Amino acid sequence: MSYDAPIKELGETSLLPEGTTRNDITETIAGVTENPAPRGWWLLFLLSVSVLGVMGAALAYLFIQGVGVWGNNAPVYWAWDITNFVWWIGIGHAGTLISAILFLFRQKWRTSINRFAEAMTVFAVLCAGLFPAIHTGRPWFDYYLFPIPNQMDMWPNFKSPLMWDVFAVSTYLTISVIFWYVGLIPDFATLRDRSKNLVRKRVYGFFALGWRGAHRHWQHYERAYLIFAGISTPLVLSVHSVVSFDFATSVVPGWHTTIFPPYFVAGAVFSGFALVMTLMLICRSIFKLQNIVTIKHLDLMNKFMLGVSLLVGYAYAMEFFIAWYSSNPYEQWVFFHNRLGWGQLDSKGNWGPLWWAYYAMVFCNVIVPQIFWFKRARTSVPIMFIASILINIGMWFERFVIIVTSTYQDFLPSSWGMFHPTLIDILTYLGTFGLFFTLFLLFVRWIPMIAIAEVKGNLPGAHPDLHALEAHDEEPDAAAVPVPAE
Amino acid sequence: MAKQTKKPALYLAEYETPNAIAQAAMKVRDAGYQNWDCHTPYALHGMDEAMGLKPTRIGIISFIFGMFGVALAVFMMQYTNAFDFDLLNVGAGYPLIVGGKPPGAFPSMVPIMFELGILLCGFATLFGMLHLIKLPMHNHPIFESDRFEAASDDKFFISIEAGDQKFDLERTKALLEATNPTHLELVEEEVQ
């Protein structure tokens, strides 16, 4: 048997339905970009563009008025903006995880979702990058973050985690775009070859770079792809680790913990997987891709989310253990009072007022995914759709809990404050969904949303069985009889 | 406009299955052709061996540029944050003492060394690959064939180019016919 065939002894079966041909795959996936858009697409697109307009208005107001229009205050200097930054960038991580890490582990089921997830990465990182840029208040001075000297001949401080963040996030965006594009080259060639009109042929032909599917190309291409997977894997781990350093290198109770890098990476992968799931379920039903993204794929994704939810749950528990074990009163105050809502009354006679954010987070991230222990839940589209949305909400609350409940009451009771989001906070956050979904809908409409070439390579019998062929060649009468060509 | 004539560019043989093309590729390989290729809708594993190709060396390019990125990051951060001489007339560095660390503190520079290493490695892999496979090249005589459009859909092709030293209109045709293709054609290109 060829290496790529399912291992029957382990109970593996083919991922795609029996009898799927290469042409079926091309027709289904390329057809999405060729047929008129379904009505559902237009509805979603108009909605997204409207929401994008809301973002534009919120940003314009912000730039005119300054960051005072947000709820950020002393002592909560970081609030929704950084919450949204960490949340969006975490969303992006699932794309790299699916395309790179699952590739290295040779998880073939990734081929039906990897393109999709990579696109999500690129758009999510764009949304993420927006927040630190506008958080500075004067985004036209963001070039201070680049390695160029300012008017006093001072250079940026490379010992600052915020500088690390600039390099990590911009490298991540660049590498994600390259990885995505490299994967797209053969599929652009497919679209070029199917094009009926000249404009499509020229545009897709331009991006296909003249790809001829030659094996001398595939050989270098596959190794390059492997290298991209190899460098993206440590990159994705480093990016969210660096994001967590923004917190962990400070002395703020609740932030100053060594568990942060793995905790952030696990959370990032978790939320990203959940969003891949949400979007995939929508596109699968709008564009009728049930034969390519099968229940088997979704089942595997749900198992993965269950596993990561346990990791995240462990990190939550460990933070509490360390807070208790350290005997540090500030740390304990943040965890037991600010987060759980227990303990003494605060200076105004209230219990910890943000307790509900913490319980929402635990409910969505730890309790809800436990339903995936049951096969019936893992294979039920409505259940996984609702669960994936709840997980995304929970992961947003995780970042909110980390940022706001750590800072609003820290060391000195005299400097305690409170945080309330403003309308502009909410509109800016909602607006980034407009940006994300506008880009995403354009992507599913014009670019093959599933890796055509890679899915074909997973069909049964997709690869030659050289050893059998060579043995066959040695038999003298087995040589094929030549058929006259036309 | 000059009169256009045509000259043979390549033979294009079409196959239906991966096994058929692998078998044919081994025959073409054994016949000693150099300037030929297999065109497949996806990467066929095992074709390196069937075609007798040497392993790709793109990894070396990626590694060298990755290391260059790390070195560049060390130079950039040490120059700007640890010393105050003006090396290339681009402005002197400015030793910064932050958080009680010495200006050239190495551990805090590791994240950016890593990121720049990855960044340059990624660019080198992309452009190194394009260099090795000689793309972008938007025009090629193989696109003259109408049947070749199926190479990105579900058919497999072997092309033997006229530039090959062993290329011969009759003998190459006979060789390809012996591999039992479902279709065989001579693709011509225009000479101006």
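This is a predicted model: local features need pLDDT of at least 70, side-chain atom pairs count only at pLDDT 80 or more; totals for chains, interfaces and linings use all residues.
In which sense, left-handed or right-handed, does α8(A) pass α13(A) in its crossing?

**Figure 1. Helices α8 and α13 of chain A cross each other.** Here α8(A) passes α13(A) in a left-handed crossing. Two packed helices are described by the angle between their axes and the distance between the axes. For helix α8 (residues 260–286) and helix α13 (residues 381–407) of chain A, the axes come within 8 Å and cross at roughly 140°. Angles over 145 degrees would count as roughly antiparallel, and α8(A) and α13(A) are therefore oblique to each other.

**Figure 2. Side by side, residues of α8(A) meet residues of α13(A).** From α8(A), look for Gly267(A), Phe270(A), Ser271(A), Ala274(A), Leu275(A), Met277(A), Thr278(A) and Leu281(A). They meet Val381(A), Met384(A), Phe385(A), Ser388(A), Ile389(A), Ile391(A), Asn392(A), Met395(A) and Glu398(A) of α13(A). Sorted by class, the residues of this contact of α8(A) with α13(A) are eleven nonpolar, five polar and one charged.

**Figure 3. Chain B is split into two domains.** Domain 1 takes in residues 5–54 + 136–191 of chain B, while domain 2 covers 58–132. Taken over C-alpha atoms, the centres of domain 1 and domain 2 of chain B are separated by 45 Å.

**Figure 4. Four strands of chain B form an open sheet.** Follow the strands in the order β2-β3-β1-β4, with antiparallel pairing. At the edges sit β2 (36–39) and β4 (183–191) of chain B, each of which pairs on one side only. On average, neighbouring strands of this sheet are turned by 25° against each other, direction ignored. Helix α1 (residues 18–30) of chain B lies across β1, β2 and β3 (156–161) of chain B and runs at about 20° to β3(B).

**Figure 5. Chain B touches chain A.** The contact draws 70 residues from chain B and 63 residues from chain A. On the chain B side, at least two residues each are supplied by α1, β2, α2 (47–51), α3 (58–82), α4 (110–132), α5 (169–178) and β4. With 13 residues, α4(B) gives the most to the side of chain B that touches chain A. By class, that side of chain B holds 39 nonpolar, 22 polar and nine charged residues.

Methods:
Residues are numbered from 1 along each chain as its sequence is written. Chains are lettered from A and ligands numbered from 1 in the order in which they are written. Domain bounds come from an automatic or database domain assignment. Two strands pair if DSSP finds at least two bridges between them. Axes are lines fitted to C-alpha atoms, for helices over the stretch in contact, and angles run from 0 to 180 degrees between N-to-C directions. Two residues are in contact if their C-beta atoms, placed from the backbone, lie within 7 Å. Angles under 35 degrees count as roughly parallel, over 145 as roughly antiparallel, 65 to 115 as roughly perpendicular and the rest as oblique. A crossing is left-handed if the near helix is turned anticlockwise from the far one by less than a right angle, and right-handed if clockwise. Ala, Val, Leu, Ile, Met, Phe, Trp, Tyr, Cys and Pro count as nonpolar, Asp, Glu, Lys and Arg as charged, and the others, Gly among them, as polar.
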